[in-house]
Amino acid sequence: MRTLALLAALALPAAAQAPLPEALLRPGVDVHSAAHRGGPTVKHLDLDLKVDFATHRLGGSATWALAAAPKAPTILNLDGRDLEIQTVTTSRDGKAWRRAAFQVVPVSKALGQRIEVKVAKGHRHVRLAYRTSDHAGGLQWLEPAQTAGKRHPFLFTQAQAIQARSFVPCQDGPSVRITFTARFRTPKELRALMAADFDRHAPRNGDYRFHLDQPVPSYLLAFAVGDLEFQSLGTRTGVWAEPSMLAKSAKELEDTEAMVKATEALYGPYAWGRYDLLMLPPSFPFGGMENPKLTFATPTILAGDKSLVSLVAHELAHSWSGNLVTNATWRDFWLNEGFTTYVERRILEAVYGRKMAEMEAVLGAQDLRGDVAKMAPLHRPLLPDMGEDDPDDAYSRIPYEKGALLLRRLEEAYGRPAFDAWLNRWFQDHALRSVHTADFLTHVRKHLLSQAPEKAPDLAAWLTEGTIPADAPRPESPAFAAVEAQVQRWSKGDGQPLEPGQPAGYDMDSPKRLIDPTGWSTQEWMHFLRALPDLQPTPMAALDKAFHLTDTGNAEIAHEWLLKCIRAGYEPAWPRLERYLVEIGRRKLIVPLYRELVKTPEGLARAKAIYAKARPGYHPMAQGTVDGVLGVK
Ligand code: BES
Ligand code: ZN
């Protein structure tokens, strides 16, 4: 017996490291989509929708082609959220249609409804005539006043993670990939755009057609309607924006083509043809969304000095990690965002140099520590326990930054050449497929760790523990160390009172004499503000007078400054705080400010007063999050 076991152990391939728990090696089930219940899988969508700004509804039809004609009568399981399904018809050949029975079954608040359609033997095509509700979670309808131009309304979608089902009845999970064609009818003075192939030069006539021939998951379905114009950035890159934003956007994004080239040099050809960006109005709840061929982006990255274009590197990186190789379930989200955050920093390093990449990595590590302290223990592991809850409830920097640190840990252990070769292979081996964490484990063990099993990190701990592993790399930035030295110098002071007649306090000194921010980047300013101790209003005023922080036009610096202002009770910043929270709807920038406000009774009152004005302009996802912070609704 003994010798047999020993022989068996010796016979294991070289790739075998410390055994991984069985549960990690089993692909998980996508519990967030009705498709996991079985039945046919959809393969192609033909979408035909009319966009009605008066009622805030989309109406028309979604026609699905199944992967195969059913060999026996069956039930097609689709996801929906508050859709009004009018009729369902099915067809063998896509020409002759007949009515089909269907039922809409409530599942849960998080998941919406399941649409069960009876499909006859041999019927490969299923058409649902429907309209969306006037509060679809994946749509934001903007009044003209909420746009840059103030003259036309605007509509955009945000499908990730499980909101596509609020505007298309679909198998709304990341492991079902579909191709599509689409037609949108809109008011004729507006242009519809879709994250897909289309004729950029088509006239503005209110009738627009799109198609995408590479299969993508439903969370990448995306379109927008507004007063939109195009400006080229390079041979295959460009930007869409409202006319008044176009020139500024193009200037800010002028390095986009260089980023595409840099990423190709690292990870192989860009697979999607064009890479364009769409600048949305400031209520867009995210920084960016990697919709295929057309990244949707917040205008809060328009700092005027290209200092916030790491967002472009990030969304572009998703063209490999995410859109080409897709997390199979939302539990595997780190396979999208951790890989993307790692690749983002490699792009930054290639285009802007190591200093920039490392500053971003340090800021990311700071965010990670903050979220590990804040998130529920359940959500702290890379592979969290989210059950059937809305994946959005688990949203944090953890999959991004802990995931990126794990890849960096592997890079440092095996060296860049070997690691890069493995990552290239990962993308190639899984292109246009959806992957589980189990696939990652098998692949990395076979193709990277096997080269030196003794160097392998404890992957089970990295994936399942709620802490930052002790062997996690610690990004360091000499530039930030220099910033910290200046904070130190100022907080020690030079013994001079801030104002005549006032006592000399340790941090009461005139900042201009002791802090020299000449040449600081946005990232150095952010680090400076994070590194400051909590201050009283008087030194805050001194800083403000010296550096005009309340008036900064940089949304990230303003965010860090306003956080300090709330903590300090620095009243001169209140009007700016209100404007900021009313004008911007990007969750990452507004939610921490509300969280800080609600810590004191006066702050809570201020937050509620501001939110009463701001809420109507927020996206449903931002409304949901802020409602939770303020305990309203
Ligand atoms: N895919 C995400 C946005 C997302 C994730 C939307 C989950 C809905 C659910 C996108 O790529 C992203 O990560 N955006 C970041 C920007 C980035 C620079 C880290 C954001 O919006 O903050
Ligand atoms: Zn991302």
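Visitor: Which residues of H13 are buried?

Guide: Buried means under 20% relative accessible area, exposed means over 50%, and partly exposed is in between, with a 1.4 Å probe and protein chains only. In H13, the buried residues are Thr-522, Gln-523, Glu-524, Trp-525, Met-526, His-527, Phe-528 and Leu-529. Helix H13 spans residues 522-531 and is mostly covered, with eight of its ten residues buried. This is a predicted model, in which local features need pLDDT of at least 70 and side-chain atom pairs count only at pLDDT 80 or more, while totals for chains, interfaces and linings use all residues. Residues are numbered from 1 along each chain as its sequence is written, chains are lettered from A and ligands numbered from 1 in the order in which they are written, and side-chain values use heavy atoms, with hydrogens and water left out.

Visitor: Where do polar atoms of the protein lie 2.7 Å from ligand 1?

Guide: A polar contact is a pair of N or O atoms within 3.5 Å; within protein, one must be able to donate a hydrogen and the other to accept it, and residues adjacent in sequence count only if both atoms are side-chain atoms. A polar side-chain atom of Gln-160 is 2.7 Å from a nitrogen atom of ligand 1. Glu-337 also places a polar side-chain atom 3.0 Å from a nitrogen atom of the ligand. With Gly-287, a polar backbone atom lies 2.5 Å from an oxygen atom of ligand 1. The protein covers 94% of the 530 Å² of accessible area that ligand 1 has on its own. Such areas come from the Shrake-Rupley method with a 1.4 Å probe; for residues, only the protein chains shown count as cover.

Visitor: Is the peptide bond from Gln-160 to Ala-161 cis or trans?

Guide: This bond is cis, with omega near 0°. Ala-161 sits in the loop between strand E10 (154-157) and strand E11 (177-185).

Visitor: What is phi of Lys-150?

Guide: Phi of Lys-150 is near 65°, a positive value in a residue other than glycine. Lys-150 belongs to the loop between strand E9 (139-142) and E10, and its relative accessibility of 52% makes it exposed. Leu-432 is not a glycine either, and has a positive phi of about 60°. The loop that holds Leu-432 runs between helix H8 (416-429) and strand E21 (433-435). Leu-432 is partly exposed, at a relative accessible area of 31%.

Visitor: Is Ser-283 buried or exposed?

Guide: Ser-283 is buried, because its relative accessible area is 7%. Its place is in the loop between strand E17 (275-279) and E18. The side chains of Ser-283 and Gln-140 make a polar contact of 2.9 Å. Residues that Ser-283 touches, beyond those up to four places away in sequence, include Leu-142, Phe-156 and His-619.

Visitor: Where is Ile-301?

Guide: Ile-301 lies in the loop between strand E19 (294-297) and H4. Ile-301 counts as buried because its relative accessibility is 2%. Among the residues it touches, leaving out those up to four places away in sequence, are Glu-252, Met-279 and Arg-586.

Visitor: How many disulfides does the count give?

Guide: A disulfide is a pair of cysteine sulfur atoms within 2.5 Å. By this rule the count is zero. Cys-170 is buried, at 1% relative accessibility, and Cys-565 is buried at 0%.

Terms used
Helix = DSSP H or I, 4+ residues; strand = E, 2+ residues; numbered from the N terminus. Contact = heavy atoms within 4.5 Å.
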